[in-house]
Amino acid sequence: MSNPSLSEIKGAVHKDLRHDSAHKHVAGTAVYIDDVAEPKNMLHMYVAMSEKAHAEITEMDLSAVRAAQGVAVVLTADDIPGHNDVSPFAGDDPLFSTGLVEYIGQPIFAVAANSLEEAIAAAKLAKVSYDEKPHYLNIDEAEAVDLKIEDSQLMAQGEAEKALSASKNRLQGSFYIGGQDHFYLEGQIALATPQEDGDVHVLSSTQHPSEVQHLVAHVLGRPTNAVTIEVRRMGGGFGGKETHPAMFAAMSSLAAVKTQRPVKLRLDRDDDMVMTGKRHDFKYSYDVGYDDDGQITGIEIEMASRCGRSTDLSPAINDRAMFHADNCYFLSDVAIKSHRYKTHTVSNTAFRGFGGPQGMIGIERVIEDVAREIGKDPLDVRMLNLYGEGERDTTPYGMKVEDNVAAEIMETLAETSEYRKRRDEIRAFNANSKYLKKGISITPVKFGISFTTTHLNQAGALVHIYADGSVHLNHGGTEMGQGLFTKVAQVVAEEFQIDVTRVKITATTTAKVPNTSATAASSGSDLNGMAALDAARKIKARLIDFAAEKYSCPKDRITFRNNKVYIENKEMAFNELTQEAYLGRVSMSSTGFYKTPKIKYDRASHKGRPFYYFCYGAAVSEVMIDTLTGENKVLRTDILHEAGRSLNPVIDIGQIEGGFIQGMGWLTTEELVFDDAGRLRTHAPSTYKVPACSDRPDELNIELWNKGRNVEATIHRSKAVGEPPFMLANAVFMALVDAVASVGDYKVPVKMDAPATPEEVLMAVADVKKRA
Amino acid sequence: MSGTVRFLLDGRVHEIHSPDPTATLLNYLRYDIARTGTKEGCAEGDCGACTVVVGELKGDRVEYKAVNACIIFLPTLDGKELLTVESLKSKSGGLHPVQEALVETHGSQCGFCTPGFVMSLYALYLEGPNPTKDRIEDALAGNLCRCTGYGPIIDAAHRMFELGADELPDMREQVAALEGIKRDDTLYISATSKLTGNEKRYFAPVNVDTLAAVAEQNPDATFLAGGTDVGLWVTKMHKELATVIYLGDVAELKEITETADSVEIGAGVTYTDAMELLAGLYPDFGELIRRIGSTQIRNSGTIGGNIANGSPIGDTPPALIALGAKLVLRKGHEERTIDLEDFFIDYGKQDRAAGEFVAKVIVPKPAADTAFRSYKLSKRFDQDISAVCAAFSIALEGETVKEARFAYGGMAATPKRAANAESALVGKAFTEENVEAAMEAMANDFSPLTDMRASKDYRMLSAQNLLMKAFVELTSDADTRLALRQEMANV
């Protein structure tokens, strides 16, 4: 009997495999919701928005809207049979305003008409009067009147205050970190089709079908089983399609049920950017004590964020900012205070990193500042403060860091990127260059994996094998480009030892797998991979039982290898066995389920083990600035990142590169500007600048950490990869700080906020010059 | 006259009878003929998800260019060839080398921007192998991808040539087919607005005399050239345009004429078509044009339009004003020539009468004693709108500044010269000290505004510093540019 190796199937785990839809993406045949053939009689919906940041609507006369040409239905809060709320848990996100409006862009009514043009024209006929109230738009304004979405939180270990007083040296600083729009290329969209009995089927571009299902049912006043949500793929999500899609699915569903016609609601880019939440902007300040070597001996950190008008996911997002306020550094005596301000702007929401980036960049800035004060290379200060192994290993939330590879990654990267040599060369360059200055920085990332809300760490899957041996795979995860469907298909193919081409990847639908969590928190393949593995193993066990009985063979003598099944001395094709199993009346369908072990967290005390494990990585960036204009450019970046034993290295590298560039955009070109009235002025790509092709560093070297292996029993010992690489871009910002510092011969503290636009850099340069 | 729009699509003549004159090509593709491969990402020509390739007959060949379908009005396709992502499929149903390359290099993640990248890469592919890094970045500057970080797409731009260098289309058939639908008289469309029931009219004259007549008869008409601005009036402001006069088919407006001491650029000449010539005369001006919008925008937009729309943040007016360009306007049979700087009267107000149109701009050739520099400051290097745009023309006599023309965009309600700064320097030695004095004097030239692109303080400080930058560049060999491109884009 031949004994082929396990890796002979196409699409085995740990092997490069292209995205399952790549050939459809390039041909234009991958179907997004707006590409679905429009059903006969379909209505188009347009959402009318509040024009005031904070006001009571005193009159809303919609008679002309209702009478306008082509209009089928006009919806307001009064038309909601169930609950007027689409919030994830807090109950404070009305679908339509009931009179109070709290941001410019808040939906006040919606029109469904025969054409989108008619719906837009009709909406303009509304007569709306407002009684304006005082508005508080940003962190400072909300802080002044103490307007919050929840109580401030404290996470602490040791005795920060005492340690600070006892510290040899002490330094204070603060800076502001701007928000970020998701700018998924496919905007928010829902297509609702009425079904029998007042039920509704919705195609929704969402990362969280179960929540959309739940909220649509909630709005319709129907049980959850009356609503089906389906999504094959999104044109990007990044967190922006976690809570917000419910709003658009609910509006279109309500109109569909009322008119008994299909209804499409697709937001124009500008409306999307005005109406939907973004990454929280933060104000970060610190008071740090340190010894002469730069070891941190005590620190107080204060973070304040702009949450927008409602709670949304802000508590968990701000919690995660606290969880990552340590990054890779041991803080023996630390107090982290976090204030969550309510403002009269759009409700901020999940975005890749989920608060982690804002917390993490703060401590990196602290290290840069301390290093400059004592005249040391920041790399040395970083190394000195890293978590230890077996000692100095407790996080501010009481979790032990047991999988720490930060030091090894940093050392390796510093070596391969020739960091120290280049740092010297840069200093020499700067001494001889009057107008152009360079900077360099190396920063690490440690990112905790698991939803910090423990119950969300569960997933389900559904696997069928048809008699002909073809496999149907479904799970609760959603595909937004990250390659989740490809990875989970690899897991199933590996388990059955069949080519991945025999595994049909199918659209996520609430009708197949219920009660799922959002595809978020980088957890997609960890959770859904395990759930699909569970389902596959159950079916495989039944096939083995069947074969053992039929061929009177011990179960442990039956193996699946390379599209074949070996039953002692007998060899048969996989599909022969499935055909026989069908005739033998064996169930070849199974659900699968997974819940993450070991995690436990007490939010009241902010202590516990919120994370199953940590991901690590590091980046070195070299930048150049123009001190006459503030223009800046990333010249080179080297990245070393670990993805455990990667399920699919090429897809993981794609996540790392894309995450890094997105993080770079957050910290450089992407600036959200609200005017004094609360109107977002950067609401389209003409004014909001995500990185373009030429912004990519001239040289970008990315390596996966080849020793990576998850110490925890995750799916094939891989690690999550969606969010952690985003924070590799911290190196870019720190390198820009370094370049600006050169103007003052590295002696003057740099006052520079993020994003480091040309304006921000030029003003920081001017400030350093003034104080030098 | 005829109300039928005809263009080539997949080798066949595609006819549309009396379409809505301001229907966008993108909506037509997606919702009327179910070619949904082409996507909408922004509907304002800034993301590239809607990129298609349009072929135009140029003598005995067809010139193919990437454009944004989202802001192109359908009737402007008349007489052209259209290629969408669906057009690239080979007869056997296989992927084109451009598409195959993107699959191989893992150039798609969510895939939504991908068809647009495919078409931008396809236009690059038609230019032939071995594109430079600058050329690739320029070809892709108008396509935003939020997933990949661009690296794999850049790899595909190389790989596609390895996969099939012999896949260039045979143009003979296309030339013959385009000859067959070439129009020698005005395309006139009259349609009824589905929304208001009002009449919507469209004129596309093919010669300048007819244009002059049509413009005089329809003084309230909207002139449409590349549509990179007017397109947004429809897609974003939802304006209904009653009468549109399309300038893109007027032969004379597309002419570039070179004389001994100047070049005359017809108002219908696209940025792309003017770039090479102007870059040859003034390398900085060439780079400034290269940084206007994206390849797609420059393939549609015109220098005439950049002037005529009167925007205070258009990028060509500062350079043209600094160079002392003149503008030729025509109304009926009358032509008049003015200094370009006099065209801009105030915000939204230009020296142009109803029924009058911009015919051409006359750009002087470089004088031996005169140096020219121009700069653009924006949040993003490529495909952004200027916070500040500056152009300096400085004539020296020995060490002394004989003449100085400093023109700025983004600093006032119109493109405007820095008169105080200029006079502070004229007649003085060209020294750092005197330049600093001119920078100080500039504070009296402008009171810039704060908006989403920049604060008034940044605008003033950087505007002053740009004069220093020009000085440093003209008097020393110090490096002052971050992204000094190795070459001008080879158009």
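Author: Buried means under 20% relative accessible area, exposed means over 50%, and partly exposed is in between (1.4 Å probe, protein chains only). This is a predicted model, in which local features need pLDDT of at least 70, side-chain atom pairs count only at pLDDT 80 or more, and totals for chains, interfaces and linings use all residues. Residues are numbered from 1 along each chain as its sequence is written, chains are lettered from A and ligands numbered from 1 in the order in which they are written, and side-chain values use heavy atoms, with hydrogens and water left out.

Reader: Why is A:Arg717 called partly exposed?

Author: Its relative accessible area is 24%. That value lies between 20% and 50%, so A:Arg717 is partly exposed. A:Arg717 sits in the loop between β29 (699–704) and α18 of chain A. Helices (H or I, at least four residues) and strands (E, at least two) are DSSP runs, numbered from the N terminus.

Reader: What makes the backbone of A:Arg717 worth a remark?

Author: A:Arg717 is not a glycine, yet its phi is positive, about 60°. Most residues other than glycine have a negative phi. A:Glu568 is a further case, with a positive phi of about 50°, and it is not a glycine either. A:Glu568 lies in the loop between β22 (564–567) and β23 (570–573) of chain A. At 30% relative accessibility, A:Glu568 is partly exposed.

Reader: What makes the peptide bond from A:Ala754 to A:Pro755 stand out?

Author: That bond is cis, with omega near 5°. Most peptide bonds are trans. A:Pro755 belongs to the loop between α18 (730–742) and α19 (758–771) of chain A.

Reader: How do you know how many disulfides there are?

Author: A disulfide is a pair of cysteine sulfur atoms within 2.5 Å. By that rule there are zero disulfides over all chains. Take B:Cys145: the nearest cysteine sulfur belongs to B:Cys113 and is 4.0 Å away. The limit is 2.5 Å, so B:Cys145 is in no disulfide.

Reader: Is B:Cys145 buried or exposed?

Author: Its relative accessibility is 7%. That is under 20%, so B:Cys145 is buried. A:Cys307 is buried too, at 0%.

Reader: What makes B:Gln217 exposed?

Author: Its relative accessible area is 60%. That is over 50%, so B:Gln217 is exposed. B:Gln217 is part of helix α7 (residues 208–217) of chain B. B:Gln217 and B:Gly355 are 138 residues apart along the chain, and their C-alpha atoms are separated by 7.4 Å.

Reader: Why is helix α10 of chain B called mostly covered?

Author: Seven of the eight residues in α10 (283–290) are buried. Among them are B:Phe285, B:Leu288 and B:Ile289.

Reader: What does B:Leu278 touch?

Author: Contact means heavy atoms within 4.5 Å. Leaving out residues up to four places away in sequence, B:Leu278 touches B:Val263, B:Ile265, B:Pro283, B:Phe285, B:Ile289, B:Ile303 and B:Val363. B:Leu278 lies in helix α9 (residues 271–281) of chain B. It is buried, at 0% relative accessibility.

Reader: Why are α15 and α16 of chain A called roughly perpendicular?

Author: Two packed helices are described by the angle between their axes and the distance between the axes. Axes are lines fitted to C-alpha atoms, for helices over the stretch in contact, and angles run from 0 to 180 degrees between N-to-C directions. Angles under 35 degrees count as roughly parallel, over 145 as roughly antiparallel, 65 to 115 as roughly perpendicular and the rest as oblique. Helix α15 (524–550) and helix α16 (574–583) of chain A pack at about 80°, with axes 10 Å apart. That angle falls within 65 to 115, so α15(A) and α16(A) are roughly perpendicular.

Reader: Which residues meet there?

Author: A:Leu543, A:Phe546, A:Ala547 and A:Lys550 in α15(A) meet A:Leu577, A:Glu580 and A:Ala581 in α16(A). Five are nonpolar, none is polar and two are charged. Ala, Val, Leu, Ile, Met, Phe, Trp, Tyr, Cys and Pro count as nonpolar, Asp, Glu, Lys and Arg as charged, and the others, Gly among them, as polar.

Reader: How many helices and strands does chain A have, and how do you know that it is as compact as a globular protein of its length?

Author: Chain A has 19 helices and 29 strands. Its radius of gyration is 27 Å, close to the 28 Å that the globule rule gives for 772 residues, so chain A is as compact as a globular protein of that length. The radius is taken over C-alpha atoms, and the rule is 2.2 Å times the number of residues to the power 0.38. Of the 772 residues, 68% count as buried.
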